[in-house]
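Q: I have the sequence and the structure open here. Could you take me through it, one region at a time?

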Amino acid sequence: MRDPKINKIFEVAKAENRGFLFEHEAKMLCGLYGMPITKIEVARTEDGAVEAAKRIGFPIVLKIVSPQVLHKSDAGGVIVGVNEEKDIREGYQKILTNIKNNVPTAVIEGILIQEMAPKGTEIIIGSTNDPTFGSTIMFGLGGIFVEILKDVSFRLAPITKDDAWEMLEEIKAKKILEGARGMPKADKDTIVDILLDTSKMLIECPEIKELDMNPILVYEKGARVVDARVIL
Ligand code: ADP
Ligand code: MG
């Protein structure tokens, strides 16, 4: 039996006729499957954004919430490293202006306030759903490793713990995770846990046609999913 909170997320999207989940909904879903997500709150006003930031704690990140803006930074919809109230107010207005200019038809639902995660090793975990084979799980390192070098590993869901460890071993740049070239080590146990949580989520939620957690920041201990996109 699925947690009723999970059903609720999909029901809201369906009621609003949306073929995707907003970032905060996608992250809540990931959180319900045990993944480490950033603290998040949607603000509808500038004052609301300041209040949310005080609850979450500085530094924070501001992001657009709009059904027409799924690639948020391309549209000028992401501001990172906000450290004080005045900059929240400025950032809030700046994002609204950017979106009005770049995506004039966008309906703005609010601004997502979230905890700014420290720098870490960037990884990507994604999925696409094939009607014949089911859900694939993809793993790779962030940035050029996936986008240019296509250095990724794949499995079909569900995966076992051994499968997850193999996925980490199969990428060419796997040494990055071990702290090659003076980079900090990445917590592989946590990555394996996130892959297993992802597998469980995909099996239990056939509503998910595509998933893209990009990036997940991984530390010497622990990790944070800082962006998540789900297509229904
Ligand atoms: P997009 O929709 O453009 O993919 P993201 O949510 O991924 O937007 O934000 C763009 C970039 O901003 C991320 O790749 C990451 O580098 C940075 N970023 C976003 N959210 C956070 C966060 N909570 N903490 C730290 N960095 C973040
Ligand atoms: Mg992203």
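Q: What is the strand order in the open sheet of 4 strands?
A: The order is β2-β5-β3-β4, and the pairing is antiparallel. Please keep in mind that this is a predicted model.

Q: Which strands stand at the edges?
A: Those are β2 (40–43) and β4 (78–82). Each has a single partner strand, so one side of each is left without a neighbour in the sheet.

Q: And what does the twist average from one strand to the next?
A: It averages 25°.

Q: How many bridges join β3 to β4?
A: Strand β3 (residues 60–65) is joined to β4 by 3 bridges, the two running antiparallel. Within this pair, Ile60 stands opposite Val82 of β4.

Q: Which helix lies across those strands?
A: Helix α4 (residues 85–102) does, lying across β2, β3, β4 and β5 (110–115). The helix runs at about 30° to β3.

Q: What is Glu41 in contact with, leaving aside its neighbours within four places in sequence?
A: Its contacts are Ala52, Arg55, Ile56, Ile111, Leu112 and Ile113. As for Ala52, it is 11 residues from Glu41 along the chain, and the two C-alpha atoms are separated by 6.4 Å.

Q: Changing topic: which residues touch the most other members in the largest nonpolar core?
A: Leu29, Phe139, Leu195 and Met213 do, in a core of 41 residues. Helix α7 (residues 188–204) supplies the largest share of this core, namely 6 residues. Another core, of 21 residues, lies apart from it, and its members include Ile56, Val82, Ile95 and Ile113.

Q: What does Leu195 touch, then?
A: Not counting residues up to four places away in sequence, Leu195 touches Ile125, Ile137, Phe139, Ile159, Ala164, Met167 and Leu168.

Q: Which residues are buried in α6?
A: In helix α6 (residues 161–170), the buried residues are Asp163, Ala164, Met167 and Leu168. They cover an arc of only 145° around the axis, so they are on the same side of α6.

Q: And what do the buried residues of α6 pack against?
A: They pack against β7 (134–141), β8 (152–156) and α7.

Q: Now the metal. What are the protein donors of the magnesium ion, ligand 2?
A: They are Asn214, through O, and Asp227, through OD, at 2.1 to 2.3 Å from the ion. The pair links distant parts of the chain, the two residues being 13 residues apart. Asn214 is in strand β9 (residues 210–218), whereas Asp227 is in the loop between β10 (223–225) and β11 (228–231).

Q: One last item: which strands does β11 pair with?
A: Strand β1 (residues 20–21) pairs with β11 in the antiparallel sense over 2 bridges, with Phe20 opposite Ile231. β9 also runs antiparallel to β11, and 4 bridges join them.

Note on methods: Residues numbered from 1 in each chain as written. Chains lettered and ligands numbered in written order. Predicted model: local features only at pLDDT ≥ 70, side-chain atom pairs only at ≥ 80, totals over all residues. Heavy atoms only, no water. Pairing = 2+ DSSP bridges. Axes fitted to C-alpha atoms, helices over the stretch in contact; angles between N-to-C directions. Contact = heavy atoms within 4.5 Å. Core = buried A, V, L, I, M, F, W, Y, C linked by side-chain atoms within 4.5 Å. Buried < 20%, exposed > 50% of the residue type's maximum accessible area, 1.4 Å probe, protein only. Donors = N, O, S within 2.8 Å, 3.2 Å for Na, K, Ca; no water. Arc of directions from axis to C-beta.
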